[in-house]
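Here are a few notes to read alongside the model. Please keep the structure open as you go through the points.

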Amino acid sequence: MSRIPLIAGNWKMYKTVPEAVETAEKLAALCQSIHSVEVMIAPNFLAIHPVAAVCKNSPVKIGAQNLYFEKQGAFTGEVSAGMIKAAGAEYVIIGHSERRQLFGESDSFVAKKIKSAIGCGLKPILCVGETEAQRDEEKTFQVPDKQVSDGLKGCGSDELKDLVLAYEPVWAIGTGKSATTDQVNTVHQYLRSLTAKLYSTTFADQVRILYGGSVKPENVSALMDLKDVDGALVGGASLEADTFINIIRFDT
Ligand code: PGA
């Protein structure tokens, strides 16, 4: 089974709308000749619609960084999956470690978001990964195992056909200290067999598992060479089009 690589940029809480549009325009132009890799950028909510408009005739797809699981209602400050989809996004990042750590998101909350994303036709990118303390306690497999198992609870394999997993060890995010290829390899293999156990080998064969955590132009090729790495979720190095394109062109 060949899985099309996905290089996704998480712009976090950076860039005003004009700044996001400017970077997206540059990236869209640079990506015109990219066909063998799927490219996605996730700007803040405000910028999704204008960024989707400038990327419309380019290979660059749009994602959101979060959603709220209710369809609509009195939920001040929240944004629903349907609103995100209507604004032009195709993907949504769910359960990023910053949301888990800073905003107390639990696995059951994450599961509701996954359901809601799927229900609206958004492709969920479920982020999992251990903290440094959990790695020291030898919970490197146990933590992402629970995050995947509980985060996908109640979903059938047919509903999850567009699911993407992202292994992001928390200690590697924004630190400049990427996990080693050995560390990435073992966890990605573990997660792929977990999806086989939870669903089927066919499912495990097609689900894309991204690595995230200090991915840069200098380390992306070695990571992408690993059999079970199907792409990257990139934070800091996705903010400038000139840098991000060198990650997207990892095989040139
Ligand atoms: P980083 O962030 O590339 O800046 O480490 C990755 C992420 O948070 O998804």
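1. Lys-12 is buried, with a relative accessible area of 17% (buried means under 20% relative accessible area, exposed over 50%, partly exposed in between, with a 1.4 Å probe and protein chains only). You will find Lys-12 in the loop between strand E1 (6-10) and helix H1 (17-30); helices (H or I, at least four residues) and strands (E, at least two) are DSSP runs, numbered from the N terminus. Phi of Lys-12 is near 45 degrees, a positive value in a residue other than glycine. Most residues other than glycine have a negative phi.

2. A word on the source: this is a predicted model, in which local features need pLDDT of at least 70 and side-chain atom pairs count only at pLDDT 80 or more, while totals for chains, interfaces and linings use all residues. Residues are numbered from 1 along each chain as its sequence is written, and side-chain values use heavy atoms, with hydrogens and water left out.

3. Ser-214 also deserves a look: its phi is near 60 degrees, a positive value in a residue other than glycine. Ser-214 sits in the loop between strand E7 (208-212) and helix H10 (220-224), and is buried, with a relative accessible area of 14%.

4. Beyond its neighbours within four places in sequence, Val-51 is in contact (heavy atoms within 4.5 Å) with Ala-20, Val-21, Ala-24, Ile-41, Pro-43 and Ile-62.

5. Which residues of helix H11 (residues 241-248) are buried? They are Ala-241, Phe-244, Ile-245, Ile-247 and Ile-248. These residues cover an arc of only 155 degrees around the axis, so they are on the same side of H11; the arc is that of the directions from the helix axis to the C-beta atoms. Their cover includes E1, H1, strand E2 (38-42), H10 and strand E8 (231-234).
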